Amino acid sequence: MKRQKRASNEYMAMIDWDRQDRQGFPEVVYCEGKTDEQCCSILSSLANTYDVCMGTRARPSIYNQLLPYISDIQYDELSRIIYVNRVPLHINGDRIIAVVTAGTSDIPVAEEAALTAELMGNQVNRIYDVGVAGIHRLFSRLDEIQEANVVIAVAGMEGALVSVLGGLIKKTLIAVPTSIGYGANFQGVAALLAMLNSCAAGVGVVNIDNGFGAGRLAHIINSQR
């Protein structure tokens with residue numbers, strides 16, 4: 001629900017007030033590269049206008065500055081998402097998005113995807129640490145994964161989880177390469193190239209560590225009727 005709009009902040013940010021009407025969710029603030037003051041000003045304006053809003057790649061210092069003024073602001077340290085969720089959205093009912101990780105180290109990126117999807121109105125099933133190094137773990141959760149309407153697969157190292165999943169499920173599969181891995185992983189480039197070159201048909205790939213992009217894309221797909 002929209003509240004009264006506030007003027008744009010003093011840091012020359014051009015807030016896209018019509019984005020919710022166009023796309024179904026308010027503008028999301030990317031906090032990296034912005035000062036705390038810029039982030040606080042933009043997020044304050046959004047929180048005074050919308051019941052649900054969020055910022056990604058946020059620092060605890062932003063949350064600490066906003067808390068005295070926005071009592072219901074929340075901060076998730078794992079995903080680094082700062083958000084207000086006064087009236088939780090339930091847009092997609094029982095249509096589930098599964099977020100699957102190869103390893104525990106991939107969870108921060110996965111949580112960015114999962115929380116993004118939840119804030120946009122989806123049920124999310126988290127299935128973590130089921131990579132191919134212990135492939136029995138994946139098979140033990142395969143029924144849950146196949147029940148989802150959209151699957152997000154998050155993997156670093158060589159990114160093999162995506163090709164394996166792509167050959168086992170018939171639902172939309174969104175691949176997220178992470179920067180987790182040793183030197184020849186090239187900070188996620190190896191996983192990215194493996195996912196782009198997967199022989200499994202129908203795999204879509206987002207940018208390295210882009211959990212938000214995957215969560216948003218999964219929401220759009222899950223909302224199609």
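## Confidence in the model

Within this predicted chain, helix H1 (residues 19-23) has the lowest confidence, at a mean of 90, and helix H4 (residues 107-119) the highest, at 98. Confidence here is pLDDT, the predictor's score for each residue from 0 to 100. Helices (H or I, at least four residues) and strands (E, at least two) are DSSP runs, numbered from the N terminus. The chain averages a pLDDT of 92, and 95% of the residues score at least 70. Where pLDDT is low, the predicted coordinates should not be read in detail.

This is a predicted model: local features need pLDDT of at least 70, side-chain atom pairs count only at pLDDT 80 or more, and totals for chains, interfaces and linings use all residues. Residues are numbered from 1 along each chain as its sequence is written, and side-chain values use heavy atoms, with hydrogens and water left out.

The structure holds 10 salt bridges. Each is a side-chain nitrogen of Lys or Arg within 4 Å of a carboxyl oxygen of Asp or Glu. One of them joins Glu112 to Arg57, at 3.0 Å from N to O. The pair links distant parts of the chain, 55 residues apart: Glu112 sits in helix H4, Arg57 in the loop between strand S2 (52-56) and H3. Glu112 is buried at 3% relative accessibility. Arg57 is buried too, at 16%. (Buried means under 20% relative accessible area, exposed over 50%, partly exposed in between, with a 1.4 Å probe and protein chains only.)

Glu111 bridges to Arg126, with the closest N and O atoms 2.6 Å apart. This pair also links distant parts of the chain: Glu111 in helix H4 and Arg126 in strand S6 (residues 123-127), 15 residues apart. Glu111 is buried, at 10%. Arg126 is partly exposed, at 28%.

## Other salt bridges

Arg141 and Glu144 meet through their side chains in a salt bridge of 2.5 Å, N to O. Arg141 is partly exposed, at 25%. Glu144 is partly exposed as well, at 29%. Elsewhere, salt bridges that share partners join Asp16, Arg19 and Arg22 into one network.

## Aromatic pairs

A search of the whole structure finds two aromatic pairs. Rings of Phe, Tyr and Trp (its six-membered ring) pair if their centres lie within 6.5 Å; planes under 30 degrees apart count as stacked, over 60 as edge-to-face and the rest as tilted. Tyr63 and Tyr75 are stacked, because their ring centres are 6.0 Å apart and their planes stand at 25 degrees. The two lie 12 residues apart, Tyr63 in helix H3 (residues 60-66) and Tyr75 in strand S3 (residues 74-76). Tyr63 is partly exposed, at 22%. Tyr75 is buried, at 18%.

## Cysteines without disulfides

The whole structure has zero disulfides. A disulfide is a pair of cysteine sulfur atoms within 2.5 Å. For Cys39, the nearest cysteine sulfur is that of Cys31, 3.8 Å away. Cys39 is buried, with a relative accessible area of 0%.

Cys53 is buried, at 2%.

## A nonpolar surface patch

Phe186, Val189, Leu193 and Leu196 form a nonpolar patch on the surface, with about 390 Å² of accessible area together. Patches are made of residues with over 30% relative accessible area and no salt bridge; like charges are joined within 9 Å, nonpolar side chains (Val, Leu, Ile, Met, Phe, Trp, Tyr) within 5 Å. Areas come from the Shrake-Rupley method with a 1.4 Å probe; for residues, only the protein chains shown count as cover. Leu193 lies in helix H8 (residues 189-196). Leu193 is partly exposed, at 46%.
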